[in-house]
Amino acid sequence: DSANIEPILVLKNDNTTDDNGISIDFSGKDTGANNIIYGRIATKFTNHSTEKSHMIFSHRNDSGTFAEWMRVSHDGNVGIGVGSNLDRTLTIGTGLAKTSTTTAYPFAIQSSDGSNAGRFSMHYTGGADAGSRKLYMQMEEEGVANGGDIHLNPHGGAVQVGSTGAVTSGVKLEVNGGKLYVPSHHAQAGTALIGEQSGYAMFGS
């Protein structure tokens, strides 16, 4: 609640043209003594009639290009690495076209180690069509090895694949509309596979 917060600094742009705005720039010199803008916090007035605005954060990337890196849209959605089509609460851009087969690494939950950090990483690889695009989730030690376990609902609940309906009572893993396939392995003692007419499970081949 900001009702009782008094402004100390006010920056104003009286132009009522949509998509204009105002910014705070952070400037310095390069080695050639040229004035360079290294960072910017801006407000973009996207619609003066309905009083909508975006907050935009920009800086210079690894190649020295001045570019936007984060935006908070007028409806509160946040984009990191992407400034448009923000129809989710948080959108993280890959910086690549959806048809690119280069793997992008847009997201990680990481330990505080300065090197060889332990982390959960999500990778994305594009493709020519929706069916060929892939999302990977991996536990890893940065630059050392891929390893570690991913636990889903370790304290209760179930996991469902292929549906948003209710999980069958008493089931921990439910796969709908497809196959459960475990290649080159054998069913172990104490395990059970219960099939239905709509699908099947395959082990070993």
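1. β6 gives the most to the lining of the second largest pocket, at three residues. Strands here are DSSP runs (E, at least two residues), numbered from the N terminus. A pocket is an open set of points on a 1 Å grid over the protein atoms alone, with protein on both sides within 12 Å along at least five of seven lines, and lining residues have an atom within 4 Å of a point.

2. Before going on: this is a predicted model, where local features need pLDDT of at least 70, side-chain atom pairs count only at pLDDT 80 or more, and totals for chains, interfaces and linings use all residues. Residues are numbered from 1 along each chain as its sequence is written, and side-chain values use heavy atoms, with hydrogens and water left out.

3. Back to that pocket. Its lining has 15 residues, with T91, I92, G93, T94 and P106 nearest the centre. Besides β6 (90-92), at least two residues each come from β7 (103-110) and β8 (118-125).

4. Now the salt bridges (a side-chain nitrogen of Lys or Arg within 4 Å of a carboxyl oxygen of Asp or Glu). The count is five. One of them joins R71 to E68, with the closest N and O atoms 2.7 Å apart. R71 is buried at 10% relative accessible area, while E68 is partly exposed at 30%. (Buried is under 20%, exposed over 50%, partly exposed in between, with a 1.4 Å probe and protein chains only.)

5. D14 pairs with K12 at 3.4 Å between the closest N and O atoms. Here D14 is exposed at 61%, and K12 is exposed at 67%.

Key. 1 Å grid on protein atoms, 1.4 Å probe; cavity = no way out; pocket = protein on both sides within 12 Å on 5 of 7 lines; lining within 4 Å. Helix = DSSP H or I, 4+ residues; strand = E, 2+ residues; numbered from the N terminus.
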